[in-house]
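Subject: Structure handover

Hi,

My notes follow below it.

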Amino acid sequence: MTTKERAYLKGIAQTTQSILSLGKSSLTPEFVDAAAEALKARELIKINVLKNCVDDPGTLAITLSERTRSEVVQVIGRKIVLYKRNQENPGIIFPGEKIKKDKKTGRR
């Protein structure tokens, strides 16, 4: 991911609400599955790390990105932003990116 793409995603993440919260149980397999499904549906997710979670948010972000095969956009305080592009139907189009259209249907 380039720095321009990361900056663009940070701008989108500013107005996005956290959809997942990490608590004292930290990273469970169920949480990783929920994050992977959310990434597939939304491409960009924000995770709130609650105060009762004793793990470091930066370490959690790296571990979660490895397990979901996503990229860490940013970690600010107790907020984690992850991105994983949906190859079949991308929802986030970066500025200057060409949109490939299906020749038969004319859709992207």
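Ser26 counts as buried, because its relative accessibility is 12% (buried means under 20% relative accessible area, exposed over 50%, partly exposed in between, with a 1.4 Å probe and protein chains only). Ser26 sits in the loop that links strand 1 (20-22) to helix 2 (29-42). Its phi is near 60 degrees, a positive value in a residue other than glycine.

This is a predicted model, where local features need pLDDT of at least 70, side-chain atom pairs count only at pLDDT 80 or more, and totals for chains, interfaces and linings use all residues. Residues are numbered from 1 along each chain as its sequence is written, and side-chain values use heavy atoms, with hydrogens and water left out.

Glu43 is another one to look at. Glu43 is not a glycine, yet its phi is positive, about 75 degrees. The loop between helix 2 and strand 2 (44-49) holds Glu43. Glu43 has 3% relative accessibility and therefore counts as buried.

Now the whole chain. The protein chain has three helices and four strands (DSSP runs numbered from the N terminus: helices are H or I, at least four residues; strands are E, at least two). From the N terminus, the order is α-β-α-β-α-β-β. The protein chain has 108 residues, and 33% of them count as buried.

On contacts (heavy atoms within 4.5 Å): take those between residues at least 6 apart in sequence, and 62% join residues at least 24 apart. The protein chain exposes about 7,400 Å², with 50% supplied by carbon and sulfur atoms (Shrake-Rupley method, 1.4 Å probe; for residues, only the protein chains shown count as cover).

Best wishes
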